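Biologist: I would like to learn how to read a protein model step by step. Could you walk me through one?

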Amino acid sequence: MYVAVKGGERAIENAHAWLGEERRGDRDIAELSVAQIREQLKLAVNRVMAEGSLYDADLAALAIKQARGDMIEAIFLIRAYRTTLPRFGGSLPLDTAEMACERRISATFKDLPGGQVLGPTFDYTHRLIDFQLAANGEVAEAPSRETSADPVPHVTGFLNREGLIEEAGEGEDTPPDLTREPLEFPADRSLRLQALTRSDEGFALGMAYSTQRGYGRNHAFVGELRIGEVAVEMEIPELGFAIEIGEITLTECETVNQFTGSKTEPPQFTRGYGLVFGQSERKSISMALVDRALRWEELGEDNVGAPAQDVEFVLSHGDNIQATGFLEHIKLPHYVDFQSELELVRTLRKEVEEARAAADMANQVPEAAE
Amino acid sequence: MLDQTTDTARRDWLSLLAKSPTGRARDLLSALDLSPSHELLRAPEIGSVMVRGRAGGTGAPFNLGEITVTRASLKLACGTVGHGYVQGRSKEDALSAALIDALMQTEAADHIADAVLAPLRQEMATRRATRAGKAAATKVEFFTMARGED
C-alpha cells in the first residue's frame with residue numbers, strides 16, 4: 001500500500017523543468033523534429049505503434065521525442081492517448097493476400113510464385129559501423145526495375161492444395177477485445193494473437209527463443225515473411241457500404257511447423273502466425289513461434305511444462321505497460337508500509353535480543369557466584 | 001438513394017481521399033478557389049478504428065490494434081450531403097474530404113474529378129509504383145552454380 005502525501009510540489013515542478021531541459025540537450029545542437037524521427041527512425045516508430053497498439057506514425061514519433069527515446073515510456077504515452085479516442089468501429093478483416101509487398105521471402109520454397117523479394121533489409125549487411133553515416137548522410141537513389149503484375153500468393157495456400165497443412169479455421173466475426181474486457185483464461189487464439197501483437201518485443205523474442213532452445217520445441221520454418229501496405233476497410237453506416245479508411249504497413253509471418261500427428265490430428269504441417277504493425281520482422285517471427293507453442297492443447301500435443309506453452313504466463317507478462325506500471329510503482333512512497341515493517345523488525349529483534357540476554361544471564365550465574 | 005454504379009464511384013473517391021497524404025487534397029481543393037456555402041452536420045471528430053486481421057491470414061478474425069481516423073459531415077446549400085473520413089488526425093482534411101464528397105455529387109463533379117481526384121490518384125500511383133520498382137530490383141534471381149549429383 002502507498003499513501004497519498006502532500007508536499008514536494010516545488011521539487012516536482014523543478015524536476016520537470018529540468019527534464020525538459022535535459023530532453024532538449026545541448027542547445028548548440030539543432031533540435032530534432034518530429035518529422036525527422038518519423039522518417040529516419042522509422043523502425044523505432046514502428047515499434048511504438050505496434051506495442052502502443054495505435055497506428056499513427058506522427059503521434060508515435062512525437063511520443064519518442066517526448067520520452068527522450070525511452071521506448072516503453074513512449075508506448076505508455078501512446079496507450080494513454082489511445083484511451084481518449086472515441087472508437088468509430090471495427091474494420092473488415094484485412095486481406096493480407098492483397099498486400100503491396102516490399103519484402104517477401106520464404107525459407108521453405110526457393111522458387112515460388114511472386115519470387116523472393118528482399119526489400120530494405122539489414123540481412124546480408126556486415127554489421128560493421130558505417131562511419132560514412134557520421135560524416136555524410138547523403139545516399140544515392142536505390143535502383144529500380146520493371147514490376148510484374150504476377151500475384152504473390154500466400155505460401156501456406158499452395159501447401160494447402162496438397163492437404164499437407166492444417167486449415168486456418170473459422171471464428172467469430174467480432175473477436176474478443178482485451179482493451180474492452182479484462183483478459184480471462186483460458187484465452188482463445190484470437191485473444192492470444194491480440195495480446196501477442198501488442199506485447200513487448202523483447203519478451204516475445206525471449207519466449208520464442210526459448211522454444212527454439214528446447215523449452216517446448218516446435219520445429220518452425222519461416223514459410224513466409226512479407227512486409228508491405230494493406231488497405232483498411234470499414235463499413236460506414238451513413239453510406240451503407242464499406243470504404244477504405246486508410247492504409248497501413250504490416251509485417252506478416254507464417255511459420256510452417258513439423259507435426260508428426262497426435263491423438264486427434266493426422267501427421268501434417270501446422271501453422272504459427274505473426275502479424276504486427278509496421279516493419280517489425282523480429283517481433284512478427286517471435287509472435288508466430290509463440291502462437292504455435294500456445295496451440296499445444298488444440299493440436300493434442302503434450303504439455304511439457306515449457307514457459308511458452310503456458311498461456312497465463314505468456315499473456316500476463318508480455319505487456320510492457322502493465323509490467324512497468326507494477327514494477328515501477330515500488331519506487332513510489334511506501335512510507336506507512338515500510339514503517340510497519342520497521343516496527344515489526346524492531347520488535348522481533350528486541351525479542352531475540354532479550355531471549356539471548358536471558359540465556360547469557362542464566363549461563364553466567366555460576367561464574368558470578370564464584 | 002444513389003444507384004449501384006454511383007456507389008462504386010463514390011466508394012473509390014472516398015477511399016482515395018481517406019488514404020491521401022496529409023494536406024494534399026485540401027491544397028488541391030483550395031487552389032480551385034471554390035468556397036461553397038455549407039453547414040456542418042457533424043463537426044470534425046478524431047477517433048479510432050479497431051483493425052482486424054485473420055489468424056493465418058485467412059482464418060478467424062482477431063483484433064490487431066487501432067488506427068487514428070478523423071471524420072466530418074456537412075451539407076451544401078443545395079442540400080447535398082458529404083461525408084469525409086481520413087486516416088490520421090487532421091480535422092481540416094476531414095472537412096475537405098466531406099466537401100469534395102459533396103461537390104462530387106453536384107454539377108461541379110467533373111471539375112473536381114479533374115482538378116483534385118485525378119492528380120491525387122496520379123501522385124499516389126506514382127509513389128506506389130516507385131516503391132514497387134525498388135522492391136522488384138531486390139528480387140532474387142537464382143542460378144545454379146554446380147549440382148552435387150553425378
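Modeller: Gladly; we will go from the fold of one chain to the contact between two chains. Please keep in mind that this is a predicted model.

Biologist: Let's begin with chain A. How many helices and strands does chain A have?

Modeller: Chain A has 13 helices and 6 strands. Its radius of gyration is 28 Å, well over the 21 Å that the globule rule gives for 370 residues, so chain A is more spread out than a compact globule. Along its principal axes, the C-alpha trace of chain A spans about 105 × 65 × 55 Å.

Biologist: Now the strands. What should I know about their side chains?

Modeller: In a regular strand, the side chains alternate between the two faces of the sheet. Here, look at strand E4 (residues 220–236) of chain A, which pairs with strand E3 (residues 100–105) in the antiparallel sense over 5 bridges. In that pairing A:Ala100 stands opposite A:Glu229.

Biologist: How many bridges join E4(A) to E5(A)?

Modeller: There are 16 bridges, and the two strands run antiparallel.

Biologist: In which sense do strand E2 of chain A and strand E1 of chain B pair?

Modeller: Strand E2 (residues 87–90) of chain A and strand E1 (residues 38–54) of chain B pair in the parallel sense, over 3 bridges. Within this pairing, the bridge partner of A:Gly89 is B:Val49.

Biologist: And how should I think about charged side chains here?

Modeller: Side chains of opposite charge can pair when their charged atoms come close. Across the interface of chain A and chain B there are 12 salt bridges. One of them joins B:Arg131 and A:Glu102, at 2.6 Å from N to O.

Conventions
Residues numbered from 1 in each chain as written. Chains lettered and ligands numbered in written order. Predicted model: local features only at pLDDT ≥ 70, side-chain atom pairs only at ≥ 80, totals over all residues. Heavy atoms only, no water. Salt bridge = Lys/Arg side-chain N within 4 Å of Asp/Glu carboxyl O. Pairing = 2+ DSSP bridges. Helix = DSSP H or I, 4+ residues; strand = E, 2+ residues; numbered from the N terminus. Rg over C-alpha atoms; globule rule 2.2 N^0.38 Å.
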